[in-house]
Amino acid sequence: MPEAVLRPRRLDALLGVPHALPYQGSKRALAHTIVPLLPVDIDTLIEPFCGSAAVAVGALYAGATPRVALRDVNAPLVGLWQQIIDDPNGLATEYEQIWDGGIADPAGQYAAVRDRFNLEHRPSDLLYLLARCVKAAVRYNAKGEFNQGADNRRLGADPARMRLRLNRTSAVLHGRTQVTAGDYAESLRLATALDVVYLDPPYQGTSGSGNGRYLSGLSRADFSTELHRATSAGTSFIVSYDGSTGGRTYGDDLPSELGLLHLHVAAGLSSQSTLSGEVEQTIESLYLSPALVERLGGRSAILTPPAE
Ligand SMILES: C[S@@+](CC[C@H](N)C(=O)[O-])C[C@H]1O[C@@H](n2cnc3c(N)ncnc32)[C@H](O)[C@@H]1O
């Protein structure tokens, strides 16, 4: 059970933060709660399940960390991040060519780009697929091929808007970001005493084999073992792990033996239930490691609401 429920926050420091990628599971809203949980002596914020890296981009943008390290098991997604940082205009031009090529026949263009992506893994093709696919949700078949369908009501962000987003995101990340592809566990093990690791693994409900979401699932037992190792090593970390919508919970809590500070955050209305006409609150679970709690001045310092 959580020890406290945090009220959702809106940080002025995150006003205007850029979002390069639409991505199901993005923690754009939760970033407002997580960024204030970074200690002032932080060296690097490591985000090893980065996806659209909403927390890392937000933390850099808000000046809450001097540098970030992004990692994801999805290598083409990591390739996309590298090009966003190094060559946002080249990427924007490729996106524009693909987008323009799809005006007459959006469904045909989506199918052709998806086929090419599965052969060549071009970053600009992935960007187009993310902009156009259903719910911005990546899905893969058993062969690791992207198989999500198009939302043919949407053409994807128009090229001028995409160029602006990519340039603004690159400006935040450039020169301050390391990007690698691979498993989260290595990043967690390599973290130093001054780093903070923000872990946002796939939801337990989506981690079964054959589910196809995010390319790779993760077992709760393996994840708990890695967190135990990190806690014993004195690593500072924050985990967002499942939650609930309208009273329905997703997955089990992390084991209490880990000794983590467990918080609930009222994260706003569920977009899923809003679509179906229901109004339901989404509650996110956050867990803080003992080393981080100590760096932040102890539990009471974290649980005392900030002055408005
Ligand atoms: C819930 S999403 C993260 C969303 C992210 N916080 C954001 O704001 O967009 C989980 C991510 O973990 C990645 N992933 C899954 N298993 C992984 C693993 N074993 N190691 C590293 N990344 C993994 C997926 O590819 C996916 O991008």
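Here are legends for close-up views of a predicted model.

View 1. Of the 23 residues around the ligand (a heavy atom within 4 Å), Tyr23, Ser52, Asp72, Asp183 and Asp200 come nearest. Sorted by class, this shell holds 11 nonpolar, seven polar and five charged residues; here Ala, Val, Leu, Ile, Met, Phe, Trp, Tyr, Cys and Pro count as nonpolar, Asp, Glu, Lys and Arg as charged, and the others, Gly among them, as polar.

View 2. A side-chain N or O atom of Asp72 sits 2.6 Å from a ligand oxygen.

**View 3. Helix 3 against helix 7.** Look at residues 75-86 and 159-173: the axes of these two helices come within 7 Å and cross at roughly 85°. That makes helix 3 roughly perpendicular to helix 7 (65 to 115 degrees). Trp81, Ile84 and Ile85 of helix 3 touch Leu166, Thr169, Ser170 and Leu173 of helix 7, with contact meaning heavy atoms within 4.5 Å.

**Notes.** Residues are numbered from 1 along each chain as its sequence is written. Local features need pLDDT of at least 70, side-chain atom pairs count only at pLDDT 80 or more, totals for chains, interfaces and linings use all residues, and side-chain values use heavy atoms, leaving out hydrogens and water.

Key
A polar contact is a pair of N or O atoms within 3.5 Å; within protein, one must be able to donate a hydrogen and the other to accept it, and residues adjacent in sequence count only if both atoms are side-chain atoms. Axes are lines fitted to C-alpha atoms, for helices over the stretch in contact, and angles run from 0 to 180 degrees between N-to-C directions. Helices (H or I, at least four residues) and strands (E, at least two) are DSSP runs, numbered from the N terminus. Angles under 35 degrees count as roughly parallel, over 145 as roughly antiparallel, 65 to 115 as roughly perpendicular and the rest as oblique.
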